[in-house]
Amino acid sequence: MTRPPLPRIPLALLALVALGALFTTPPLHDAATATNVPSTHLHHPFGYLLLAPLFGIWDTLSLLTVSQHYAVLATVILLYVARRVCAVRTVRRELAADPDTAEDAAHPGFSVTLAVLELGGAVFFLVALLAFYAAAVFLPRPMVALRLNDPDLIAVDFHSHTNRSHDGWSRFTAERSRAWHEGGGFDAAYITDHYTWAGVDDAVPANPARAGERTVMLSGMEVRLRNRHVNLLGHRDRYLFALDSTRHHLDPDSIAAARERGATPVTMLYTIPGPLDQVVSLTPGSPAGVVGIELSDGAPRGLEQVKAERAEILALADSMDLAVVAGSNIHGWGRTVPAWSVMRVPRWGEMTASDLGGAIEGVLHRDRRRAVTVVERRMPYHDGSRAALALTVPWLLWEHFRMLTVAERGSWIAWIGLLLLVWTAWHRLKARTSTRHREATDKS
């Protein structure tokens, strides 16, 4: 019996797993400096490792910008079309070379039938591709979490939503949001629903007595200031008087007047996407300014802007002494965290939720630009290069295999080995069946 041919794709993946191990790179870096971040690492739960090849691909898709999504879809579709064109040409050539089928292959009806079959196959492929994308967004799965080795460091999400936001998933309650943040390794998360504190009211009663016991949900809200989106941090009493009747718009003059009367400074963060020329920093002369700006935003459009304009955001933060922060901008879809805001808050784990919120705001106001380190999942970006954008798929694959942990590589190797065993067994079964059929034909 002849040895069955080995499949090319699993062998190519096996080669990438091996080569990636020779050129490893850390999966995390400082978003501002692109350098490694000490005292941090990623934790992959056992359930994640069981299906690491699938979950890792879904995580990668979840971290792409809008332009990269288009590049991936275009590349996959072009590869499918090229594969089918080659297959159809091969079929036509083989049929035309056989005298018994040459006449049928030349018949116009054959071309029509072939076109209908190919169209059906293309529709099925497109639906399957979109379903794969949708599965990455909607299906529950174990999450990769950040782990901090220093007990005085805390991982914070400054921008998240619940079902109380008009664009939030209806089933993404405050407790589901807490579970999502716990799965992602956050110690604290601000609920910043659009124009409402209802999500905060849902979450706060379930906060732990001590912050270190589980993820703490803190008070916030997303509104418009000077027609630009900002996140308000802290208790609502500090902002209610300055909001219009719809709670959509915050009046900067009311904030300034309250500050003159001795009110506590407000804590506001500028959200992305948004024009950078509209940022107003909190200063004695601008009491309705922001103390920070997002350097990472988990929405695809937000990811696109922060990657495309990272140098501009950092220059703005440096010149205005603004903290750079990360916000998941989670609305209930997806199971991947792009980045974490890591801060030093001594003994935060012993604080109450209220004290922790005050301590975080205190660090933001005191240290400003030095207050937060944005720890980001390392992902390649084209930086405006059309060539790099066109090569998104191979570049992503290479970087993905370079960033695998030892456990993830083991999972990849196990699944590839299982696939090769199934492939080999299937071809041997086909070969035996074919041999028996020929023997039975010869006897008859």
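Modeller: Helix H15 supplies the largest share of the nonpolar patch, 3 residues; helices here are DSSP runs of H or I, at least four residues in length, numbered from the N terminus, while strands are runs of E, at least two. This is a predicted model, in which local features need pLDDT of at least 70 and side-chain atom pairs count only at pLDDT 80 or more, whereas totals for chains, interfaces and linings use all residues. Residues are numbered from 1 along each chain as its sequence is written, and side-chain values use heavy atoms, leaving out hydrogens and water.

The patch covers about 600 Å² of surface and is made by Phe46, Leu50, Leu51, Trp415, Leu418 and Val422. A patch gathers residues with over 30% relative accessible area and no salt bridge, joining like charges within 9 Å and nonpolar side chains (Val, Leu, Ile, Met, Phe, Trp, Tyr) within 5 Å; a salt bridge puts a side-chain nitrogen of Lys or Arg within 4 Å of a carboxyl oxygen of Asp or Glu. The accessible areas come from the Shrake-Rupley method with a 1.4 Å probe, and for residues only the protein chains shown count as cover.

At least two patch residues come from each of helix H2 (46-50) and helix H15 (406-443). Leucine 418 sits in helix H15, and its relative accessible area of 43% makes it partly exposed, a class lying between buried, under 20%, and exposed, over 50% (1.4 Å probe, protein chains only).
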